[in-house]
Amino acid sequence: MTTLSLQQAHDIEQLLYREAALLDAWELDAWITLFTPDCAYEVTPPGEENAEEISPDIVYFLIADDRERLEQRILRIKNPAAHVENPRSRVRHLYSNPRIETAVDGIVARVNFVTYRNRDR
């Protein structure tokens, strides 16, 4: 296992904050560029203990997307016929307590977050 420098940890934290800012600004085309072609975007069910140890093959995840599915999600959401986002929601992502760790197969970043979403003022 390697040790991250303070600069590397800072850069990863800034990436997390950039993601939140892009989502809040509804800059979805810029947001998708943060992900590699082989990415996995997964949101485990709330309240799952040991969430990092479960798999979407066994447990129903709220989101279990790859890059192609994320791109398709963006196309659907930006479509004017998408009534769920017409008018567009206003969102605010609040991230706190970022933890950056090295792992055998790469870097693991964890962050606590709250997302506020409202429509029609």
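Select Asp24, which sits in helix 1. Helices here are DSSP runs of H or I with at least four residues, strands are DSSP runs of E with at least two, and both are numbered from the N terminus. This is a predicted model, in which local features need pLDDT of at least 70 and side-chain atom pairs count only at pLDDT 80 or more, while totals for chains, interfaces and linings use all residues. Residues are numbered from 1 along each chain as its sequence is written, and side-chain values use heavy atoms, with hydrogens and water left out.

Is Asp24 buried or exposed? Asp24 is buried, because its relative accessible area is 14% and buried means under 20% (exposed is over 50%, partly exposed is in between; 1.4 Å probe, protein chains only). Now show what surrounds Asp24. Apart from neighbours within four places in sequence, Asp24 is in contact with Val91, Arg92 and His93. Contact means heavy atoms within 4.5 Å.

**Strands 3 and 4.** Next, select residues 90–103, which are strand 3, and residues 106–118, which are strand 4. The two strands pair in the antiparallel sense over twelve bridges; pairing requires that DSSP finds at least two bridges between two strands. A hairpin of two residues joins strand 3 to strand 4. Pick Arg99 and look across to strand 4, where its bridge partner is Arg110. In a regular strand the side chains alternate between the two faces of the sheet.

**The core.** Select Leu22, Leu23, Leu28, Trp31, Ile32, Phe35, Cys39, Leu70 and Ile74, the nine residues of the largest nonpolar core. Helix 1 (6–24), helix 2 (28–32) and helix 3 (67–78) each supply at least two residues of this core. Which helix gives the largest share? The answer is helix 2, with three residues. A nonpolar core is a set of buried Ala, Val, Leu, Ile, Met, Phe, Trp, Tyr and Cys residues joined through side-chain atoms within 4.5 Å. In soluble globular proteins, nonpolar side chains tend to be buried together.

Stay with Ile32 and display its contacts. Not counting residues up to four places away in sequence, Ile32 touches Arg67, Leu70, Glu71 and Ile74.

**The whole chain.** Zoom out. The protein has three helices and four strands, in the order α-α-β-β-α-β-β from the N terminus. Its C-alpha atoms fill a box of roughly 50 × 35 × 30 Å along the principal axes. Of the 121 residues, 21% are buried.
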